[in-house]
Amino acid sequence: MSKPFASSTDLADKTQTLEVLADGVYALTAEGDPNVGAVEGEDFVVAFEARATPVAAREWLDRLREHTDKPVRYLVLSHCHAVRVLGASAFGAEQIVAHEATRALIAERGKADWDSELGRMPRLFKEPESIPGLTWPTVTFSDRLTIPLGGERGDLVLQHCGRGHTEGDIVAWLPGQRILFAGDLVETQAALYTGDAYHLDWMGPTLDRVASIGAEVLVGGRGAVAHGADVAGAIDQTRHFLTVLLEEVGAVHRDGGSLKDAFSAAHAALVEQYGRWPIFEHCLPFDVARAWDELSGVERPVIWTADRDRLVWDQLQA
Ligand SMILES: [Zn+2]
């Protein structure tokens, strides 16, 4: 029998913490499970990220409803991954907003990604039969989209900082409060998933752009909310993980080693600093496989399917 995916045996619920970051600005973190957020407009709410199923999304909405009963006008999706988008129907949003590449990725590989992520991380898929189908963004943009929040609340600025965790990541920025929702472009004390990533762009110009925004509070894709100096710390940690991963895989690749050698080298170099952080063992085989492809000149990430997941996992983590 082959070894199960690391996250498929991780079944204990995480503690969920709702933080009010400023008047009408909320983040729900969950000990390394995907974070979500919300921003109040004058007479509506903008929700950030949708969770894996409508049932899981409703648990978040129940917490949010202790603070505001305004309707969700916009649901913003930071990127295309199933655990971030398939709960969308629970929000009853007027508009679902994403980068144009995110919509294209959902059309191209949304169903494969759904099957892949359900197999990898079943705990996040509370009552998967509640998912009505793929999530289709209704408003897309390429560079920047501003949502005026009304009254004295200022703007919420959605911005694409370049390719990174996927081809179409966006961040949500509140310039008045200097709060940034960074999606999976930045993780705070959680390991990175880079199976659909563009490592070179991400660790270079994309993170440079995220850093130049000048956030004082940062909600990453996973892990605790970063405040003050910890914002730069989270960005630096994300960049460090990517840099070490690419260096280690690159050295083996150049020397004519195997993918398994590359995995062993990356694991050895990263495990001391990141090994205890959530999803490290789970993500690393997929991260190494994509880094290997990128270094081999494969421009766009190969589609992950339930079968390919199994193949790579058995080859590297068995
Ligand atoms: Zn993701």
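Reader: In this predicted model, which residue forms a salt bridge with Asp-314?

Author: The partner is Arg-310, and the closest N and O atoms of the two are 3.2 Å apart.

Reader: Why are Asp-314 and Arg-310 separated by about one helical turn?

Author: The general idea comes first. An α-helix has 3.6 residues a turn, so residues three or four places apart point the same way. In this case, Asp-314 and Arg-310 are four residues apart in helix H8, which means about one helical turn between them.

Reader: Are Asp-314 and Arg-310 buried or partly exposed?

Author: Asp-314 counts as partly exposed at 29% relative accessibility. Arg-310 is also partly exposed, its relative accessible area being 27%.

Reader: Which residues do salt bridges with shared partners join into one network?

Author: The network consists of Glu-108, Arg-109, Glu-167, Asp-196 and Arg-300. Within it, Glu-167 forms a salt bridge with Arg-300, with 3.2 Å between the closest N and O atoms. This pair links distant parts of the chain: Glu-167 sits in the loop between E9 and E10, and Arg-300 in the loop between helix H7 (280–295) and helix H8 (306–317), 133 residues apart. Glu-167 is partly exposed at 21% relative accessibility, and Arg-300 is partly exposed at 34%.

Reader: How many salt bridges does the structure hold?

Author: It holds 21. One of them joins the side chains of Arg-84 and Asp-184, at 2.8 Å from N to O. Arg-84 lies in helix H2 and Asp-184 in the loop between strand E11 (179–183) and helix H4 (199–212), so the pair ties together parts that are 100 residues apart in sequence. Both Arg-84 and Asp-184 are buried.

Reader: What should I look for in the interior?

Author: In soluble globular proteins, nonpolar side chains tend to be buried together. Here the largest nonpolar core has 50 residues, and those with the most contacts inside it are Leu-180, Val-186, Phe-241 and Val-288. Elements that give two or more residues to this core include E10, E11, H4 and H8. Helix H5 gives the most, with ten residues.

Reader: Which residues is Val-288 in contact with, leaving aside its neighbours within four places in sequence?

Author: They are Leu-245, Val-249, Leu-259, Ala-262, Phe-263 and Ala-266. Apart from this core lies another, of 30 residues, among them Ala-38, Val-45, Ala-50 and Trp-114.

Reader: Which residues are buried in helix H1?

Author: Helix H1 spans residues 54–64, and its buried residues include Pro-54, Val-55, Trp-60 and Leu-64. The buried residues of H1 pack against strands E1 (17–22), E2 (25–30), E3 (33–40), E4 (45–48) and E5.

Terms used. Residues are numbered from 1 along each chain as its sequence is written. This is a predicted model: local features need pLDDT of at least 70, side-chain atom pairs count only at pLDDT 80 or more; totals for chains, interfaces and linings use all residues. Side-chain values use heavy atoms; hydrogens and water are left out. A salt bridge is a side-chain nitrogen of Lys or Arg within 4 Å of a carboxyl oxygen of Asp or Glu. Buried means under 20% relative accessible area, exposed over 50%, partly exposed in between (1.4 Å probe, protein chains only). Contact means heavy atoms within 4.5 Å. A nonpolar core is a set of buried Ala, Val, Leu, Ile, Met, Phe, Trp, Tyr and Cys residues joined through side-chain atoms within 4.5 Å.
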